[in-house]
Amino acid sequence: MSGHREILKRRCRLVNGPLIVGAGPSGLALGACLKELGVPFVILERSNSIASLWRNRTYDRLKLHLPKQFCQLPKLPFPDDFPEYPTRNQFIGYLESYAAHFELSPRFNETVQSAKYDDTCGMWRVRTTASGPETANRSAEVEYICQWLAVSTGENAEPVIPEMEGLRKFGGQVIHASDYRSGETYQGKRVLVVGCGNSGMEVCLDLCHHKSFPVMAVRDSVHVLPREIFRKSTFELAVFLMKWFPVKVVDKILLALSRMILGNTERYGLKRPSLGPLELKHMQGKTPVLDIGALRKIKSGDIKVVPGVKGFLHGSVELVDGRVIDVDSVILATGYCSNVPSWLQDTDLFNKDGFPKQPFPSGWKGKSGLYAVGFTRRGLSGASHDAVQVAEDISRVWKEETRQAKHIVACHRRCISQI
Ligand SMILES: Cc1cc2nc3c(=O)[nH]c(=O)nc-3n(C[C@H](O)[C@H](O)[C@H](O)COP(=O)(O)OP(=O)(O)OC[C@H]3O[C@@H](n4cnc5c(N)ncnc54)[C@H](O)[C@@H]3O)c2cc1C
Ligand SMILES: NC(=O)C1=CN([C@@H]2O[C@H](COP(=O)(O)OP(=O)(O)OC[C@H]3O[C@@H](n4cnc5c(N)ncnc54)[C@H](OP(=O)(O)O)[C@@H]3O)[C@@H](O)[C@H]2O)C=CC1
Ligand SMILES: O=C(O)C(=O)Cc1c[nH]c2ccccc12
């Protein structure tokens, strides 16, 4: 009997308070806000540490490309000695101390496989499996039952690896940008980088620093903006202008200033999209490139820009313009996607692409206690905004329910004492 109970206890857990899926900046920020409001919660994380994107899927020399005031999480600012653009390691250190400060202890190596709202009991049923080598001896499956479910699995949960003709016969090394750490191993090599977002551009620049020969395939168009305009962050300028002007006007101003500083990028094979940079980011999530030096290398010819890829041959790539060029390795800087549709069932909050149906600032709340944190297409500042809203919303109900529960207990006590 006791063995039976053991199994039941191991496989099913009732969560006191909300269940948060993902221990990246969004999940941690929500945890911190809930802690401050006195609401208990559980955080689940598929990897073996917090901030797995930053720890395991970013390259060594990466720096935040937005100024620090837009990247810190609620309730605990960055240390004063952080530079304007913190490094990857500084940011990870900050997230570590953030988790320690608010005593956030996620349950690591647990991957959420499915989540479904159960109408009959009015609760979420969330199934997880153990992930990672450390978990070989742990019970494989757990079902969590909770009243609130907060999705914070990120806009960049899975790498996008497109099907490309002939890639199997290519023969050389092929990796996604999320597996790129440094150009050290590429010295003297010709490397095809597919994609021209911030990853593609920064990987190409890093390859140049390591004396390799990057070729960047650009299949369509891209907005390149200088990271700074007259020593002021372009992003900060954009945020300031957005307070006064509609987005189309702000985009016109940004494009005029960018042209003045960078020149006509079309001359280098970087055609601009017809929508402006902010409008495109807000509508389609396509982030403009904030240039940290790649454009100079493109102008000097150290980074070669070529059109889209038609297919691969052994040791070479065929481009859509018919050219065939020899390359040793390929780095797919082809972006990321949300993984929400693969595990969250029947919800009205998310679209098929795994992003909320309602755009910022309205996409954080669904029905039946479902929330989204960090899907605003506004980076870390959007995640912080969501975390504050979600925590306050949950706390209102939590406090009311706790008050009612205390009242019922007090009544019971009084009744019992009168008997
Ligand atoms: C290379 C790179 C650089 C960036 N630089 C900036 C920047 O400078 N400024 C900025 O504002 N934004 C930047 N961003 C945007 C970035 O998305 C955010 O900074 C931030 O990481 C988002 O936090 P998040 O917690 O929402 O998502 P993530 O950091 O992706 O965290 C999500 C967590 O959920 C976990 N998870 C996913 N699925 C499951 C599951 N099924 N079960 C359990 N756990 C799961 C993941 O393992 C991960 O730990 C950058 C993004 C990338 C890729
Ligand atoms: N220093 C920093 O802070 C950095 C921040 N980041 C952030 O990380 C996020 C992800 O950026 P990133 O990884 O660059 O992803 P993006 O989605 O921004 O860019 C992906 C690129 O790959 C191209 N692409 C996608 N699929 C294909 C395909 N099938 N064939 C050819 N090309 C393809 C896209 O082209 P198309 O536009 O035509 O679809 C686009 O150029 C962004 O928010 C970015 O700002 C990234 C690196 C550094
Ligand atoms: O999502 C990202 O990649 C960011 O770095 C944050 C971001 C939000 N809105 C933007 C507009 C221009 C450049 C970066 C961002």
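**Close-ups of a predicted model**

**View 1. The shell around ligand 3.** Around ligand 3 sit His65, Leu66, Phe235, Lys281, Thr287, Pro288, Leu290, Arg378 and Gly379, each with its C-beta atom, placed from the backbone, within 6 Å. This is a predicted model, where local features need pLDDT of at least 70, side-chain atom pairs count only at pLDDT 80 or more, and totals for chains, interfaces and linings use all residues. Residues are numbered from 1 along each chain as its sequence is written, while chains are lettered from A and ligands numbered from 1 in the order in which they are written. The shell splits into four nonpolar, three polar and two charged residues (Ala, Val, Leu, Ile, Met, Phe, Trp, Tyr, Cys and Pro count as nonpolar, Asp, Glu, Lys and Arg as charged, the others, Gly among them, as polar). Ligand 3 lies between domain 1 and domain 2, because both give residues to its shell.

View 2. The chain divides into domain 1 (2-157 + 338-411) and domain 2 (160-336), with bounds from an automatic or database domain assignment. Domain 1 puts twelve residues into the contact and domain 2 puts in 17 (C-beta atoms, placed from the backbone, within 7 Å). On the domain 1 side, that's five nonpolar, two polar and five charged.

**View 3. Helix α5, mostly covered.** Eleven of its twelve residues are buried, meaning 20 or more other C-beta atoms, placed from the backbone, within 10 Å of their own. Its cover includes β11 (213-217) and α9 (294-300). Just after α5, Lys211 takes a positive phi of about 55°.

Notes:
Contact = placed C-beta atoms within 7 Å. Helix = DSSP H or I, 4+ residues; strand = E, 2+ residues; numbered from the N terminus.
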